Amino acid sequence: MTTVTFRNGTVFDGRRYVGTGAVLVDDGRVAAVLTGPDLDRLERSPSDLDLRGGLIAPGFVDAHVHAVQGGLERIRCDLSELHTREEYLATIAAYANAHPELPWILGGGWAMAAFPGGTPTAADLDAVVPDRPVFLPNRDHHGAWVNSRALELAGITTLTPDPPHGRFERDADGRPTGTLHEGAMHAVSRHAPATDPEEYYAALLAGQAYLHSLGVTGWQDAIVGDYAGMDDPGPVYLRAARSGDLTADVVGALWWDRDRGTEQVPDLVARRDAYSYGRFRATSVKIMQDGVAENGTAALTAPYLDRCGHATGNRGHSFVDADALRDHVAALAAAGFQVHVHAIGDRGVREALDAFDRLDQRGDARGRGGDLRHHIAHLQLVHPDDVRRFAELGVTANAQALWACLDEQMTELTLPVLGPERARWQYPFGELHRTGARLAMGSDWPVSTPDPLAAIHTAVNRTTYGEPGRAGTEPFLPEQAVALETAFAAYTSGSAWLNHRDDAGVLEAGSVADLVVLDRDPFAGPPEEVGAARVVSTWIAGMPVFEG
């Protein structure tokens with residue numbers, strides 16, 4: 001192991017901003033954090049690392065990410081860094097032309113806001129790839145864009161009924177137009193060729209390298225199971241953990257099959273035992289309680305609105321019956337699992353809280369978050385009556401802060417279907433913090449960028465970081481912003497705690513030396529420049545895993 005002294009910079013210790021200081025690392029652990037007069041007595045050595053006025057902090061921990069899925073998109077037809085219909089089609093055409101040997105064109109990462117109503121068409125894809133099936137999930141992976149060849153191979157016609165938990169986008173005559181929502185994705189994805197195990201392994205390593213380049217030293221993979229055309233990544237993680245290629249510390253959230261009940265708990269226990277090795281622990285279970293607001297599948301307490309502001313008959317989907325959810329959560333807690341719930345709509349959030357509340361009523365102390373550290377992710381729409389319940393029940397608010405801005409998806413697809421009153425209930429991170437809720441943060445990559453600094457910028461400013469005049473630069477509900485210390489803590493000590501890493505996410509004597517070094521001190525500049533900071537290096541157990 002290497003002894004390193006990080007000096008000539010400032011320190012955030014995982015809970016608070018320390019200011020000017022130095023960090024001593026020895027044998028993979030933090031030996032000391034020095035400030036004040038102690039700095040004057042610090043002797044220089046060849047192992048010193050000059051921070052050049054930058055900030056050193058605990059490594060970021062992403063509390064909700066899909067690293068294998070994100071890595072797979074990076075090595076396939078990657079649309080995640082593009083923004084317009086024209087850019088997507090040009091990239092798809094170029095990728096298809098460069099890979100004539102591929103039987104299917106796979107990848108993804110398109111944004112719904114690039115298309116009217118959020119629904120691209122098969123006709124557009126047919127113009128650039130007419131001869132092979134195309135299957136491209138969007139950024140939130142609650143929908144997919146396919147061409148006519150894919151619809152034909154899957155046998156999807158005007159007469160094909162919508163599947164359970166899904167919907168085919170259709171024209172006025174009932175013909176599928178090329179966008180598949182939720183469970184309808186499986187109707188096409190099951191016909192795609194199986195992904196080779198070596199490609200999955202390459203995807204994990206590519207995803208890990210990308211996350212390390214952004215200062216991420218650990219994460220919780222939010223779906224370890226078969227979902228939306230992806231095979232279970234558990235074996236891939238196990239292989240990487242056994243080989244030593246997995247350098248990050250990772251918790252896997254095993255996928256809850258919503259078509260089954262509590263009879264699957266013994267299977268989940270067996271998979272936990274089989275997969276957990278070294279840096280990978282399959283100790284959480286992910287329940288997807290609802291969908292997303294943009295396609296009308298997030299579960300709401302009151303109906304969605306139409307484009308004229310009138311109530312529709314749609315309140316979204318609770319993918320798991322609320323009473324059954326309570327039983328499932330109780331069974332999982334009894335088996336020692338942390339429960340990780342996806343909830344976007346206010347009804348979905350309430351149903352999840354009710355399930356955790358039932359644990360408390362049964363006298364299960366672990367249900368109050370202590371041992372198992374249950375959490376609800378996304379939290380787009382939280383009814384004001386439910387905000388205080390997070391602290392009362394000990395349920396962590398797992399925030400994807402990057403979404404809390406007025407981007408095109410929010411203004412074009414979300415605000416019109418919620419209306420002005422409910423629009424103000426979105427992403428209430430400030431109020432959650434003020435009422436005592438524990439905060440963690442994650443990205444949901446490849447739904448959005450995994451850059452923690454971009455998310456922290458939005459949490460603090462309620463804007464996207466970018467050029468003046470771009471969409472997203474007007475603050476969205478600025479009263480729900482959090483302080484920079486709070487946002488950094490959520491993405492370091494908060495998420496590390498959620499992953500049961502009590503010796504990580506902080507810089508103090510004895511803590512593991514998982515670190516990130518930034519090129520500047522975001523605490524020293526104006527809040528609107530937080531997003532300008534960049535990662536210089538990332539360290540795990542005192543060893544560099546990324547150097548820019």
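These legends describe close-up views of a predicted model. Local features need pLDDT of at least 70 and side-chain atom pairs 80 or more, while totals for chains, interfaces and linings use all residues. Residues are numbered from 1 along each chain as its sequence is written, and side-chain values use heavy atoms, without hydrogens or water.

**View 1. Helix α16 packs on helix α17.** α16 spans residues 452-461 and α17 residues 484-498. Helices are DSSP runs of H or I, at least four residues, and strands are runs of E, at least two, numbered from the N terminus. The axes lie 9 Å apart at an angle of about 140°. They are lines fitted to C-alpha atoms over the stretch in contact, with angles from 0 to 180 degrees between N-to-C directions.

**View 2. Residues at the contact of α16 with α17.** P452, L453, A455, I456, A459 and V460 in α16 meet L484, A487, F488 and Y491 in α17. Contact means heavy atoms within 4.5 Å. The contact residues comprise 10 nonpolar, no polar and no charged.

**View 3. The aromatic pair Y88 and F115.** The structure holds 15 aromatic pairs (ring centres within 6.5 Å). The centres of Y88 and F115 are 6.0 Å apart and their planes at 25°, so this pair is stacked (planes under 30 degrees apart). Y88 belongs to helix α3 (residues 85-98) and F115 to the loop between β8 (105-108) and α4 (122-128), so the pair ties together parts 27 residues apart in sequence. F115 is buried at 5%.

**View 4. One aromatic cluster.** F12, Y17, F60, F488, Y491 and F523 form this cluster. F488 and Y491 also take part in the contact of α17 with α16.

Definitions and conventions
Nonpolar A, V, L, I, M, F, W, Y, C, P; charged D, E, K, R; others polar. Phe/Tyr/Trp six-rings, centres within 6.5 Å; stacked < 30°, edge-to-face > 60°. Buried < 20%, exposed > 50% of the residue type's maximum accessible area, 1.4 Å probe, protein only.
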